[in-house]
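Hi everyone, thanks for coming.

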Amino acid sequence: MIDLSLLPSGIIFGLSLGGIFFLTTVGLSLCFGLMRVISLDQMLYYALGGYMTYTISVLTGNLWFGLVVGVVVGAVAGLAVERVVFLRIYARDITFSMITSFGVLIGGVGVIKYFWGLVPRPVTEPITVQVNLLGTYIPVYRLIIIAIALGVYGGIWLFLNRTIVGKAIRAGIENVEHVEGLGINVYRLFSITFMIAGGLSALAGGLNAPLIMVDPQMGLEVMAFAFMIVIIGGLGSIKGTLVSSFLVGQVVSLGSLFYAPLAQMAPFAIMVLILLLKPTGLYGSPLLKR
Amino acid sequence: MNALRWWWGLVLAFALLVVMRVFLPLPFANEVVIFSIYTIGCNFLLGRVGFISFGQPAYLAVGAYAAGFYFTYFGANPYIGIVIGIVVGFIVALIVGPFFVRLRSDYFALVNLALAVIIYFLMQKVLAPITNGDNGLWYLTNLEPTPVLDLTHPSQFFIFALLVGFATWAFYKYLDDSIYGACCLGAKINEDKLTFLGYDNFRIRLTAFVIANTTTALAGALYAVYLGFVSPEITSPTRAVDPVVVTILGGVGTLYGPIVGAIAYTGMKDVLSQILVNWELMIGFLLVFIMLAGEKGIWGTLEPRLKKLFFRKAASETAGGSKARTA
């Protein structure tokens, strides 16, 4: 029933998909961990990253340059939204941030439609070379995506564990009041976290752009998967996000080998199963809103 | 006298809807009534129980598709279709409810939206052989005229929708006044104290969840009869915010908020979509603006002022009465 020769490429496809998912959702998870907000506007930076990559790669012919511009734009947009919108709602209830950021997301989709129109745009793949791996040909670009995702995870780990700002952020996730008591400006930490989150989401959008077509709804399309991933992994846990991203990536990829519609349904089934066993997700902490 | 006071707000609200029907086009009036029934479930969950549900379109689609399947494959009587929509919505809410209401409010919101997206894919792709995928089910000509109130006729459908809406509002007003309504509010504000008083938190939430989502399924069934077709579009992720926007626009937790919100929202959609092509931009910034400016919404801001205007003399008495009720 299943063609075994497709399996290696299916696994690589799933891993690269997981990498994209991880980059998209790690921002959501970081923001929740530190600031206790659900920042759905990360999906906007994802779409923005895709569009910046498209625009710059059309103008200059170089996708990597577009990727860098996308990351910068995503980070700046994240900072702007944090300064204007989130600064006013940190003290409010958690669902409040969810509604507001959804407003930002929908409004941002409108902005994208205004500038780039409704038509999906194709982005040319920068590397079309394929390597022979266990008898099947694998596009190198997908391997690069996996490497970048793992590199970003390593970078975040180093940042949180080895730098003073990262340590302050980690301490803030445990207890914001104590960090404030040490004389650290937590609002600056919040801004830095938001910039990192926005930049990473934009990176995910830019990397994914050549694999799918960029269209205004791309942020909303990935949103359902992002939700499932943060729920499975547990909100606020970076490690949980990594594990569940690759898990969902594999489920989508291998599931579609068996039966195509399964790709959309199976992650949901897994999510329900995990919530039944552990309502806070795999690595989620039981702590509530401060 | 007391009974009169209980009813007069409801009667007045629906009398105003009838007046609106005279001055404004019929499709608009129909849309407003169905939309406000659609929203009151979300309003109840958010305002009374403290659950924010981005997944209302899921239950709307359940009601609409249940009615749609009946019309396409089994029968033609609109009334039976609506009843089937309600029953199926009730069953689905009863099945998913126990899993969902145990969750924290943030997870609840995420899981519900995920459910809406899943039902979208289910109807669009997985069940495509019986749902016709994106094209949807079309059965407008199948519907058979009914003797007393002919639901296939838009103007008579409006009367029926108005009656259903009135019944729904009376029911929710009754709920708000009952001990159960107070328990819901308790579950929102402090569940520990509620447990201490001997109430079962889980059962209160589950009941609220089932009631709200059965109402939403009813709205779905009404849509199915009124529009004469069902397509996956009603549960698409871009429309997931509609009920939340209307709830907040009208005023969270207020009884007449959904009606006011539905009128404002549908009106804006009709008027602005002719001027502005970019609807998302509008609704996004409106949402952010309402959330930042004042979360009370239109009716939440208006209500105290209207009360002051009309009951200036009886102000002290009503203030005392309402305080006694909320205490």
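**Where chain B meets chain A**

Okay, the contact takes 33 residues from chain B and 37 residues from chain A, where two residues are in contact if their C-beta atoms, placed from the backbone, lie within 7 Å. On the chain B side, H5(B) gives the most, with 13 residues. That side divides into 24 nonpolar, four polar and five charged residues; Ala, Val, Leu, Ile, Met, Phe, Trp, Tyr, Cys and Pro count as nonpolar, Asp, Glu, Lys and Arg as charged, and the others, Gly among them, as polar.

A word on the model: it's predicted, with local features needing pLDDT of at least 70 and side-chain atom pairs pLDDT 80 or more, while totals for chains, interfaces and linings use all residues. Residues are numbered from 1 along each chain as its sequence is written, with chains lettered from A and ligands numbered from 1 in the order in which they are written.

Now, which residues of H9(A) meet H5(B)? They're Ala224(A), Phe227(A), Met228(A) and Ile231(A), and they meet Tyr107(B), Leu110(B), Val111(B), Leu113(B), Ala114(B) and Val117(B).

Chain B has 15 helices and two strands. Its C-alpha atoms fill a box of roughly 60 × 45 × 40 Å, taken along the principal axes.

Note on methods: Helix = DSSP H or I, 4+ residues; strand = E, 2+ residues; numbered from the N terminus.
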